[in-house]
Amino acid sequence: MTGPDMQADDERWMAAALRLSRRHVGLTADNPSVGALIVSGDGRVVGHGVTAHGGRPHAERVALAEAGSAARGATAYVTLEPCAHHGRTSPCADALVEAGVRRVVYGASDPDPRVNGEGAAILRRAGVLVDQLLLPPNGERSFEGFLSRIRRGRPFVTLKMAVSSEGFVGRVGEGQVAISGAIARCQTHLLRAEMDAILVGFGTAVADRPLLTCRLPGLESRSPRRIVLDRHLRLPLDHPLIDTAESVPTFIATDVAEAARLAPFEARKARIISAGAGDLRSFLIGLVPLGIATLLLEGGPILAQSLLKADLVDRVILVRSRHGIGGPGVAMPAGLNALSGFLRKSDEEFGDDRWIEWERSPR
């Protein structure tokens with residue numbers, strides 16, 4: 001099969017591999033959540049795999065193990081270029097060659113210096129046909145944190161904020177105020193389940209006293225690590241985030257270094273990390289060694305505006321309610337009124353709310 005028919009088949013199987021890759025987003029540690037399909041010459045899926053919990057084994061090896069001898073002469077569809085470096089096992093590119101796969105179609109290139117085209121080169125040198133297929137919009141979403149860590153040296157940052165019909169994100173002098181409806185709130189909890197960590201500033205932590213957990217039935221164990229940016233270490237020790245630090249990993253990012261001030265938080269199982277001495281980029285870079293490649297910002301307008309101004313936000317999600325909350329209100333960050341350098345990617349209706357996503361334009 002050649003020409004348009006092959007192109008259509010390739011796109012269909014790659015779309016299926018991309019859907020598969022979503023299953024383990026947030027569960028693969030430092031490795032990307034990759035999807036792989038092994039498709040026989042007569043169009044049957046003989047093996048499928050997604051990067052396992054903890055990052056090993058890789059998707060290709062899972063799919064090849066299921067396919068067994070049926071992999072010989074088949075086509076492998078992989079959402080990310082097969083790895084080319086030796087770790088606990090030999091490269092996945094070698095495994096595909098040894099299995100007798102006839103053709104490999106991959107989506108995104110792997111910018112890891114240990115790969116960066118070498119995975120495809122290994123396959124070609126062994127006589128395997130190799131094609132790269134341009135991924136559809138959002139095609140890199142399952143491993144955007146991995147790509148950000150390699151390309152930018154920092155996590156992929158998603159800013160999510162609910163905004164009332166008046167343009168308010170809260171009421172002055174009050175704590176949490178319900179803005180979005182039940183459906184959008186469930187979508188927010190699903191978003192949390194896919195993130196490595198969630199960040200709020202000191203002001204939001206004190207005013208709202210949030211738990212920042214995933215509370216969807218069956219996904220409670222998928223709660224992200226929680227980070228409070230508290231440079232002066234003013235968070236009360238009886239805060240819900242500190243009370244639950246033993247069950248849900250909690251980090252306090254601060255510039256305070258006095259052991260006596262840190263000890264009470266550490267005794268409650270909160271982990272102390274550097275706030276970057278006021279440099280937000282340095283703070284984000286410092287999260288990478290902690291295994292944090294995707295970061296959800298649910299803080300207030302001050303921290304959101306600071307990250308936008310520093311050009312450190314990669315995706316913006318605005319949940320716009322049709323309802324008002326009254327005043328006096330806390331205005332949404334000025335930077336959200338005109339998102340320069342962002343492209344609108346989606347606009348969905350969730351009950352009485354609009355869920356609108358923008359992503360930073362490619363550079």
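**Exercise 1. Determine how the lining of the second largest pocket divides into nonpolar, polar and charged residues, and where this pocket lies.**

*Solution.* Step 1. The lining of the second largest pocket comprises 10 nonpolar, 7 polar and 11 charged residues. Here Ala, Val, Leu, Ile, Met, Phe, Trp, Tyr, Cys and Pro count as nonpolar, Asp, Glu, Lys and Arg as charged, and the others, Gly among them, as polar. The model is predicted: local features need pLDDT of at least 70, side-chain atom pairs count only at pLDDT 80 or more, and totals for chains, interfaces and linings use all residues. Residues are numbered from 1 along each chain as its sequence is written, and side-chain values use heavy atoms, with hydrogens and water left out.

Step 2. The volume of the second largest pocket is about 650 Å³. On a 1 Å grid over the protein atoms alone, a pocket is an open set of points with protein on both sides within 12 Å along at least five of seven lines, whereas a cavity is a set of points where a 1.4 Å probe fits but cannot get out; lining residues have an atom within 4 Å of a point. Grid points are joined across faces, edges and corners, and a volume is the space filled by probe spheres set on the points.

Step 3. Of its 28 lining residues, Glu-140, Arg-151, Glu-359, Arg-360 and Pro-362 are the closest to the centre of the second largest pocket. Two or more lining residues come from each of β4 (103-108), α5, β15 (342-350) and β16 (353-360), and α5 gives the most, with 4 residues. Helices (H or I, at least four residues) and strands (E, at least two) are DSSP runs, numbered from the N terminus.

Step 4. Because domain 1 (4-132) and domain 2 (153-360) both give residues to the lining, the second largest pocket lies between them. The domain bounds come from an automatic or database domain assignment.

**Exercise 2. State how many residues of each domain are in contact, and what distance separates the domain centres.**

*Solution.* Step 1. Contact (heavy atoms within 4.5 Å) links 6 residues of domain 1 with 5 residues of domain 2.

Step 2. Taken over C-alpha atoms, the centres of domain 1 and domain 2 are 34 Å apart.

**Exercise 3. Describe the largest cavity by its volume and its lining.**

*Solution.* Step 1. There is 1 cavity of 30 Å³ or more, and the largest cavity holds about 270 Å³ of space.

Step 2. Its lining has 28 residues, with Val-25, Gly-26, Ser-142, Gly-145 and Thr-294 nearest the centre. Helix α5 (residues 144-151) supplies the largest share, 4 residues.

Step 3. The lining of the largest cavity divides into 11 nonpolar, 9 polar and 8 charged residues. Domain 1 and domain 2 each contribute at least three residues to it.

**Exercise 4. Identify the residues listed under "binding site", and decide whether Cys-83 and Cys-92 are buried or exposed.**

*Solution.* Step 1. In an unreviewed entry, UniProt lists His-58, Cys-83 and Cys-92. They span 35 residues in sequence, yet no two of their C-alpha atoms are more than 9.0 Å apart, so they gather at one spot.

Step 2. Cys-83 is found in the loop between β3 (75-80) and α3 (92-98), while Cys-92 belongs to helix α3.

Step 3. Both are buried: Cys-83 has a relative accessible area of 8%, and Cys-92 has 1%. Buried means under 20% relative accessible area, exposed over 50%, partly exposed in between (1.4 Å probe, protein chains only).

Key
UniProt positions are given in the numbering used here, feature names are shortened, and annotations may be inferred rather than shown by experiment.
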